[in-house]
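Colleague: I am new to this structure and would like to learn how to read its features one at a time. Could we look at it together?

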Amino acid sequence: MAPENAHSRPPPAAVLSSPHGPRANRVDQVMLQVLLALIPGVLVVTWFFGWGLLINCVLAILFATAAEALVLRLRRRPVLPTLGDYSAVVTAVLFACAIPPTLPWWLTLLGMVFAILLVKQLYGGLGYNPFNPAMAAYVFLLIAYPLEMTNWLAPHLLTQHHLTLAESWRLILFGALPPDLSWDALSAATPLEALRTQLREHQVMDAIRGAPWWGSLGGRGWEWVSSAFLAGGLYLLWRRVITWRIPVAMLGSLLLLAGLFRLIDPQHYPDPAFHLWSGAAMLGAFFIATDPVTASTTPRGQLIFGAMIGVLVFVIRTWGGYPDAVAFSVLLLNIAAPTIDHYTQPSVFGHGRKS
Amino acid sequence: MSRPDLPTPQLWTFHGGLHLPDEKALSSDQPIELLPLPPLLIIPLRQHIGAPARPGVRVGDQVGKGQVIGTADGYVSAAVHASSSGTVIAIEERLIPHPSGLPAPCVVIATDGQDAWAPLPAPLTDYRHLDPALLRERVHWAGVVGLGGGAFPTSVKLRSERHIETLIINGAECEPYITCDDRLMRERSVQVLEGARIIRTLLGAERVLIGIEDNKPAAIAALSAALADTGPDTHIRIIPVPTLYPSGGERQLIRILTGREVPTRGLPAQIGVACQNVATTAAVADAVLLGRPLIARVVTVTGRAVARPGNLTVPIGTPLSHLLAYCGGFREVPRRLLCGGPMMGFTLSDLEIPVTKAFNCLLALTAAEAPDPGPALACIRCGRCAEVCPVRLLPQQLYWHARAKAFDRAQAYNLFDCIECGCCAQVCPSHIPLVQYYRFAKNAVWAQEEERRKADQARARHQARQARQARLEQERQSKLRKKREILDETTAAAVPGGVADGDLDARRALIEAAKQRAAAKKAAAQSSTEPVDQG
C-alpha cells in the first residue's frame, strides 16, 4: 500500500499551527480533579452533620446545570459541550459546601440561579466572570437571608439527635422538623460564632477552651472537616491542578497575624491553629481562592492575592460584623486581581532581572 | 561525563519548560543510510535567512556535483550547489518547505546517475595557520547555514566584533521524535569535533562547550570517545544537560551552560557567546578539511504513520516522496505531515516539496499521535501557560490582547520575546492555539509597521514634491521679479521722471518712441554710408 499512499496528499486538517502532539490537559479533567478532591470534605461533613450536604449537592448540581443550560439556550451557544466542562457542577458543590446543611431548597435554587445567571453567564460564561460564582451567591444569600444562612446543625458529637435521610429531605424541601424535635435541639453556633459571642461576653480564652465544643485544633467535628479539605487541597497540589502560592500565602498570612495577636494578648485571641481549622479557611485556601478565573495569575501577584485574603479573613473575623469572612475576602480580592496582575508582571528572559 | 578528571560543570536552569514523551526510540537506533539519488532535484535558491542566491546556471546547462548553481547575493546570503551531476531542466517557482506554503524560485536538475563531482577547491587542512578570512570565505562558498532549523548563513556568525569567550555547540536536540543530530554525533563525532576546533580558532574562543540532552547517552559517549582519541584538548568539554524541552533553544542552552541570559533583541556575541548546531559544525569541517560544499544533510523520517522510520543522508533538493518511498511509504494515512518536530514544526501540503538545508525531520503523525484538539474552550486563566513559558512571558495576557487585536498592548507584554516553542499551547486545558494567536499578532504588527513605513515614505515623497514645487515656483517668481526690476530700472533711466508700473499707454508710447529713434538712427546710418559706397 505504501508507494501509492506516498503520493497521496495529507488531509486538509493539516493547516493547523504547532504544537501538533496530544494536549496534556483539558478543562473538564481539571474540574473533575477538583470534584474528586472535594470528596473527602463532603464525606466528613456528612459524617458529622448528616445527609443535608449530600442532598444540597444534588439539588445545587441540578439547579446549576439547569440554569446553565437555560442561559446557553438563550445565548444560542452549544449547550452540551459547555455543560461538559463541569464548571457549573464545581460551582454547585462549592456552594453546597459553604451553606448550612439544612438550607431550604428554594434558597439553593436562588443561589444557583444568581451564581450561574448573574455572576457567571452575564459576564460571558466560564473564564470571563470577575467574581467567584459560588462565593458571590453565598454572600448574596447571607446578606438577604441571614437567619437561614447561619442556622447550622450541631456536629453529631455534641447532640443526640440525628436526622435520617428522609427527615433531612423533608426538612430541606418542606421545612418540616421531625415531630419530637425543635431547632434548639438540633442547631448550634459554629465555633467561630461561639468564640465571637463568648469573647463579646468578656470571657477569656482559658475559659472558652474549656467549653464542650472546643476540640484540639478547631471546634469539635469542624476540625476534621477542615483537615479533610486540607487533604483534598494537598491532592490538588500533588496533581498540579493548583499551585502552592495562593493557599500558602493565604494560610501563612492568617497564621502570622493570628500568631502575632495571640502573642500580644493570649486571653483575647484564639491560637492560630483555631483560625486555620475553623470556618472556611481550608476550603477557601485550596478550593475557592485558587479559582483560576477570578484569582491573580502572575506568580508574585498570587502571593499578594493570597496574603491579602488571609489578612482580610483575620480582620473581619476579629473586628468585623460576621463570624467568618472567607467569602467576603475572596470577593474583595477578586476585584483587585487585575490590578495586582498589572503591577506584578514577571521580568522577561533577557530583559535583566528587576528583583 | 566528558572528562573524568574535571569536576562536573555547574549547570543553570531556565524558567518553565516541559518534560515531553520524547518518541525518539522510533528512529534513534537506525544508523544513517545514504538515500539513493532521486531522478529530479529541486533546489530552492533561498534556503536561508537573507537574500536569495542569484542563479548562476541556465536551463540546459550540464552541472557537476558540488558546482555552484546560485551565488550568494551579499554578506547575509548563502550559495547553493548542485547536489549531484545532471542537466538543469528548469529554473522556476516550485513549492518549498515553508510555513506559508508559497512557491519560490528553484533550480530543477535532472540527475544523470553519474554523481560526478565538479572541480572542488583544495582542502585547507592546515587551518590553524591560515588567514581566517580565507576560512570564512571557504565556509561562505560552501553555502553552510545553521542546520538546526535557523538557516542563518554560518560565515556571518564566524566573525565577531566582540570577544567571544565561549563557543557552544548545540547537540541538545530537544524536540520529540527528531534523531538526526543524535545519529550524526554518534557516527560523525570526529567531524563534529574538528568543526568545533575550526570555529573556535576562527572566533578565538577560550572554551568550547558541547551541550547534549542526557537522553542521548550514546551520542555523549561517542563524542567523549572521539575527544579522547584525538588527543587531549582542554578547551573542549562535552556537557550532558537535563532533558527538558526547549533546552535546545539557543538562548535556553546558553543560559543552561553559562548562566547568562542573552539580552532581548541582542545577539549571543553581546555576552561573549557564539552558538552553533552540531550538524552545522560538521558541515564547516567538511567545507574546510575536504573542500566540500553543503549538498546533503541528515534527515529523520519518522512518526508512526511511516512504515520504516529511519535517518537518511539526503541530497539537498530531493523530493519528500522519494524519502518516503525509501522508508516504505505510509503505514496509514497520516493525520499530519510535518517539517520538523511536533512542537515547532509546520505542516506540509505536498510531497513533491524538496528537502532543504534546514529540513531536519519529516514527521508523519497518525491520528493517535496528533489527535484533533477539538474546539478551543474559553480560557479559564489557570496560568499553566505562564508556569511553563521558558521566556517568563504571560501567555494568557498575550492571548487576550492578540485576540482583541490590541497589538500595542501585546507588545507591551513582550510579544516579540516569544520564541514560539509551543509549551503554553501544549499545556493549555482549553486547547487554545496560543502560538497561532501570537504568530497572527506578530504578523499584524509587521504588516502595520510595513504599512506605516510605506505611508511615511509616501508622505516624505509628497512633502519633497511639494517643497520642490514651492522652490521652483519661488525661483520663477524671483527671476520674474528680477527681470521686472531690470525692466523698471531701464525704463526709469530712459524716461526721467519714471513711469508707473502698469501704465501701459505710457509704456507703449515709450516703446513706440524708442522704435522711431532706432529707425531714425538706421536711416541716418544708411544715408551716411551711401555716399561712401557711391564714392
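Colleague: Which residues touch the most other members of the largest nonpolar core?

Modeller: Please keep in mind that this is a predicted model. As a general idea, nonpolar side chains in soluble globular proteins tend to be buried together. Here the largest nonpolar core has 251 residues, and those that touch the most other members are Ala60(A), Ala64(A), Val93(A), Phe95(A) and Val299(B). Helix α2 of chain A, residues 27-49, gives the most to this core, with eleven residues, and within chain A the core draws at least three residues from each of domain 1 (26-187) and domain 2 (189-212 + 244-342).

Colleague: What does Phe95(A) touch, leaving aside residues up to four places away in sequence?

Modeller: Phe95(A) touches Ala60(A), Gly111(A), Met112(A), Ala115(A), Ala134(A), Ala137(A) and Tyr138(A).

Colleague: How should I read the packing of α5(A) and α6(A), and which residues meet there?

Modeller: In general, an α-helix has 3.6 residues a turn, so residues three or four places apart point the same way. In this case Ala88(A), Thr91(A), Ala92(A) and Phe95(A) of α5(A) meet Gly111(A), Met112(A), Ala115(A) and Ile116(A) of α6(A). Helix α5(A), residues 87-98, and helix α6(A), residues 105-120, pack at an angle of about 140°, with their axes 11 Å apart. That angle makes α5(A) oblique to α6(A), and their crossing is right-handed.

Colleague: Why is helix α3 of chain B described as largely enclosed by the rest of the structure?

Modeller: Helix α3(B), residues 180-187, is described in that way because seven of its eight residues are buried, namely Cys180(B), Asp181(B), Asp182(B), Arg183(B), Leu184(B), Met185(B) and Arg186(B).

How values were computed. Residues are numbered from 1 along each chain as its sequence is written. Chains are lettered from A and ligands numbered from 1 in the order in which they are written. This is a predicted model: local features need pLDDT of at least 70, side-chain atom pairs count only at pLDDT 80 or more; totals for chains, interfaces and linings use all residues. A nonpolar core is a set of buried Ala, Val, Leu, Ile, Met, Phe, Trp, Tyr and Cys residues joined through C-beta atoms within 7 Å. A residue is buried if 20 or more other C-beta atoms lie within 10 Å of its own, exposed if 12 or fewer, and partly exposed in between; C-beta atoms are placed from the backbone. Helices (H or I, at least four residues) and strands (E, at least two) are DSSP runs, numbered from the N terminus. Domain bounds come from an automatic or database domain assignment. Two residues are in contact if their C-beta atoms, placed from the backbone, lie within 7 Å. Axes are lines fitted to C-alpha atoms, for helices over the stretch in contact, and angles run from 0 to 180 degrees between N-to-C directions. Angles under 35 degrees count as roughly parallel, over 145 as roughly antiparallel, 65 to 115 as roughly perpendicular and the rest as oblique. A crossing is left-handed if the near helix is turned anticlockwise from the far one by less than a right angle, and right-handed if clockwise.
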